[in-house]
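Hi everyone, thanks for coming.

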Amino acid sequence: MAKYRCTICNYIYDPKKGDPDGGIEPGTAFEDIPDSWVCPVCGAAKDQFVKED
C-alpha cells in the first residue's frame with residue numbers, strides 16, 4: 001500500500017499506521033479512507049494529498 005503526502009504541511013499518511021485518532025484503523029489503504037477525512041496536522045482535505053513514489 002502506498003503512502004500519501006499532504007501538499008500543505010507534508011504530513012505522510014502511512015497505511016500501516018493509519019490515523020487512529022481520526023478513526024482510521026492501521027492497515028487502511030488511502031483509497032479506502034472516507035472523503036470526509038482531513039489531514040490530522042493541518043486539516044487539509046483528502047484531495048490535497050499526493051501519492052509518494
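**Salt bridges and core**

Let's start with Arg-5, which counts as partly exposed at 25% relative accessibility; buried means under 20% relative accessible area, exposed over 50%, and partly exposed in between, with a 1.4 Å probe and protein chains only. Before I go on, a word on the source: this is a predicted model, where local features need pLDDT of at least 70, side-chain atom pairs count only at pLDDT 80 or more, and totals for chains, interfaces and linings use all residues. Residues are numbered from 1 along each chain as its sequence is written, and side-chain values use heavy atoms, leaving out hydrogens and water.

Which residue does Arg-5 meet in a salt bridge? The partner is Glu-52, at 3.1 Å from N to O; a salt bridge here is a side-chain nitrogen of Lys or Arg within 4 Å of a carboxyl oxygen of Asp or Glu. Glu-52 is partly exposed too, at 31%.

The whole structure has three salt bridges. Another one joins Lys-46 and Asp-35, with the closest N and O atoms 3.7 Å apart. Lys-46 is buried at 12% relative accessibility, whereas Asp-35 is exposed at 69%.

Now the core. The largest nonpolar core has eleven residues, among them Tyr-4, Trp-37 and Phe-49; such a core is a set of buried Ala, Val, Leu, Ile, Met, Phe, Trp, Tyr and Cys residues joined through side-chain atoms within 4.5 Å.

And the cysteines? There are zero disulfides, a disulfide being a pair of cysteine sulfur atoms within 2.5 Å. For Cys-9, the nearest cysteine sulfur is that of Cys-39, 3.7 Å away.
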